[in-house]
Amino acid sequence: MRFPLPINTIINLPRPLLLGPPSSCRFSTVAFRPSSLLHISGVLVSRNLRCYWFSTMTTAVGVEQEEEKQSKLSVELKENIEITEKEREIFDRLLGTLRFCNLDTQLRVAGGWVRDKLLGRESDDIDIAIDNMYGSEFLDKLKEYLASRGEQVQGDTVIERNPDQSKHLETAKMRIYNQWIDFVNLRSEEYTENSRIPTMVLLLIHLIRMHNTSYSRENLTVSAALLQKFGTPKEDAYRRDLTINSLFYNINTGSIEDLTERGIDDLKSGRIVTPLPAKATFLDDPLRVLRAIRFGARFGFTLDEELKQDASSEEVRVALGEKISRERIGNEIDLMISGNGPVSAVTYISDLKLFGVVFAFPSSSEPAPSENCGSICKAYLEAMWSLIQTPGLGKFSGEQRRLALYAALFLPFRKTVYKDNKGKMIPVVNHIFKFSMKRKTSDAETVINIHRTTEKFLSLIHSLQLKSGAQVDNLDWATDILEHWKSISVDDPEIPETSKIRALTGFLLRDIKDFWRVALLTSLLLSKVDGMKDDQETEQLDFQLDKLRERYLTIEGTICELGLDSIWDVNPLVNGRVIMEIAELKGGYHIREWQQKLLTWQLAYPNGSADECKDWMRKVKAKRQRTE
């Protein structure tokens with residue numbers, strides 16, 4: 001069941017609001033309405049609102065191309081916000097808490113939930129802004145009310161402030177109706193230049209030190225936090241990262257509040273703008289640079305020119321690298337790569353000179369990344385994105401898609417290493433995942449394995465297209481496998497030539513498992529630019545995607561025809577215990593050698609039985625004994 005709520009927003013603009021860079025806009029109509037209130041698309045607008053309609057607007061088509069390819073971008077917003085049944089139950093409990101505890105408190109859903117609802121999208125990101133108490137205080141009241149109804153809390157926690165990491169507000173979290181809800185107080189603090197401590201805290205420190213010089217800075221900061229005043233809704237709205245995220249839904253009144261007086265307009269015109277001057281907003285919390293990029297890429301919105309200029313400034317880049325935890329940076333990048341506009345996001349990161357800050361290469365990287373490595377990485381990412389979006393090219397899970405894009409993005413660094421604290425040479429991709437972005441170790445291992453398999457796949461592409469093993473007699477990575485196959489072919493001259501390519505590909509797929517399609521696509525990308533240097537201009541990277549798709553489908557068909565899809569799930573015909581009995585071994589590396597030989601035989605004879613495999617093993621053993 002859904003409950004439609006009307007947008008009952010009053011927007012009061014005391015002066016004209018330009019929705020695009022003045023130099024790039026041509027006015028076709030200017031409208032002034034004398035009426036006190038004008039209903040436009042479900043929004044009540046005050047008579048002071050001047051409506052400017054532009055025949056030319058900027059769209060998100062790449063940072064460098066925006067001025068050349070400007071077109072009108074108009075986003076249709078919902079006239080009514082549809083509240084789901086679960087959301088209604090949650091809001092009823094919040095309002096019930098106010099009545100039960102006799103609280104004179106205004107509760108507002110802030111930011112993303114309001115934005116997404118207006119865009120007609122579902123959202124489970126419910127953040128509650130409270131006007132006169134801390135989130136933890138309201139959490140206690142809510143638990144008290146739920147207990148009176150005999151309802152249990154599914155979980156709750158409080159995340160403390162951390163100004164050094166630009167985490168300025170305490171956040172209380174509670175899980176109710178199987179959904180986590182955040183509770184924070186309205187923000188109002190202001191910061192001095194180059195400081196992460198609110199000005200009121202600095203003032204308090206100064207005053208108390210005049211009377212008690214032994215009082216610690218840490219205690220003073222905690223005391224100041226307790227004395228910090230609550231902001232007004234308007235102050236909080238202006239402290240938000242973007243105007244489109246500054247909208248409130250007032251639960252008490254059931255209305256949308258656009259207190260920056262441009263949130264809805266910027267949402268309609270598809271613009272990414274900060275409520276306050278961009279540099280001040282970014283220095284307040286430098287992570288907002290990446291959030292602006294992510295939302296621009298996600299919705300296909302245009303980044304404001306001032307925003308881009310300030311985002312690429314040295315001061316903001318330094319702040320992003322020094323003030324924000326690597327985990328928070330990694331979370332933003334992961335959301336970009338997992339979203340629907342990864343290419344646009346990485347394009348902005350590269351063009352705004354943030355690539356080196358975000359992915360933070362170690363100083364000992366060998367070879368050192370080139371100055372234009374960001375644009376090279378973007379080119380590979382764009383090609384991979386185009387391929388995996390192709391209908392009929394194969395079904396990729398969300399995880400395969402995500403790691404495929406990472407593998408393409410970092411493909412230029414597949415041979416780049418760095419020296420760790422123990423002097424060991426480590427792939428730089430490992431550093432990017434584990435230290436620069438604080439991602440899972442398994443992410444780094446999978447992408448590095450894709451890169452390694454890509455190099456091997458590259459040597460098999462031609463043979464897989466021809467379904468022949470004639471051209472794979474000298475492979476550095478498969479010397480032992482080729483020796484084992486050769487010994488098999490000596491005993492069986494009639495063995496088909498395809499058995500060789502089947503054995504080689506089978507070993508490869510057993511290593512990479514269900515990421516083999518990703519590795520194949522990555523190797524095909526590399527095959528189109530094989531021999532080029534990774535620092536060459538992106539214009540020289542011609543992937544010929546149509547031909548590449550044809551090659552992929554041909555090779556995928558060959559692999560499936562050879563019965564190798566899911567070959568990693570096939571158990572060996574002969575286990576280690578039987579190997580030890582037949583070969584009369586007690587252990588050691590010889591068991592591993594026999595396992596590889598027997599697996600080569602099994603791959604060469606896909607219809608062979610365990611008894612036939614053991615008979616072949618006895619013959620090989622007997623031949624070896626005669627030779628010795």
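A nonpolar core is a set of buried Ala, Val, Leu, Ile, Met, Phe, Trp, Tyr and Cys residues joined through side-chain atoms within 4.5 Å. Buried means under 20% relative accessible area, exposed over 50%, and partly exposed in between (1.4 Å probe, protein chains only).

The model is predicted: local features need pLDDT of at least 70, side-chain atom pairs count only at pLDDT 80 or more, and totals for chains, interfaces and linings use all residues. Residues are numbered from 1 along each chain as its sequence is written, and side-chain values use heavy atoms, with hydrogens and water left out.

**Exercise 1. Find the residues with the most contacts inside the largest nonpolar core.**

Step 1. The largest core has 142 residues. Phe-183 and Ile-293 have the most contacts inside it.

Step 2. Helix α15 (residues 373-388) gives the largest share of this core, 11 residues. Helices (H or I, at least four residues) and strands (E, at least two) are DSSP runs, numbered from the N terminus.

Step 3. Look around Phe-183. Contact means heavy atoms within 4.5 Å.

Step 4. Another core, of 18 residues, lies apart. Among its residues are Trp-485 and Trp-601.

**Exercise 2. Decide how α12 (residues 326-338) is oriented to helix α9 (residues 287-299) and to helix α13 (residues 342-351).**

Step 1. Axes are lines fitted to C-alpha atoms, for helices over the stretch in contact, and angles run from 0 to 180 degrees between N-to-C directions. Angles under 35 degrees count as roughly parallel, over 145 as roughly antiparallel, 65 to 115 as roughly perpendicular and the rest as oblique.

Step 2. The axes of α9 and α12 come within 10 Å and cross at roughly 5°. The two helices are therefore roughly parallel. Leu-290 and Ile-293 of α9 are among the residues in this contact, as are Ile-329 and Leu-335 of α12. The contact has 6 nonpolar, no polar and 4 charged residues. Here Ala, Val, Leu, Ile, Met, Phe, Trp, Tyr, Cys and Pro count as nonpolar, Asp, Glu, Lys and Arg as charged, and the others, Gly among them, as polar.

Step 3. The axes of α12 and α13 come within 7 Å and cross at roughly 135°. This pair is therefore oblique. Ile-333, Met-336 and Ile-337 of α12 meet Pro-342, Ala-345, Val-346 and Ile-349 of α13. That gives 7 nonpolar, no polar and no charged residues.

**Exercise 3. Is Leu-508 buried or exposed?**

Step 1. Find its place: helix α21 (residues 498-512).

Step 2. Its relative accessible area is 3%, so Leu-508 is buried.

Step 3. List partners beyond four places in sequence: Thr-453, Lys-456, Phe-457, Leu-460 and Trp-477. Thr-453 is 55 residues from Leu-508 in sequence, yet 7.0 Å away, C-alpha to C-alpha.

**Exercise 4. Work out why helix α17 (residues 428-436) is largely enclosed.**

Step 1. In α17, 7 of the 9 residues are buried, so the rest of the structure largely encloses this helix. His-431 and Phe-433 are among the buried ones.

Step 2. The cover includes α12, α16 (398-409) and α18 (441-458).

**Exercise 5. Which element has the lowest mean pLDDT?**

Step 1. pLDDT is the predictor's confidence in each residue, from 0 to 100. The protein's mean is 82.

Step 2. Strand β6 (residues 50-54) is lowest, at 30. Where pLDDT is low, the predicted coordinates should not be read in detail.
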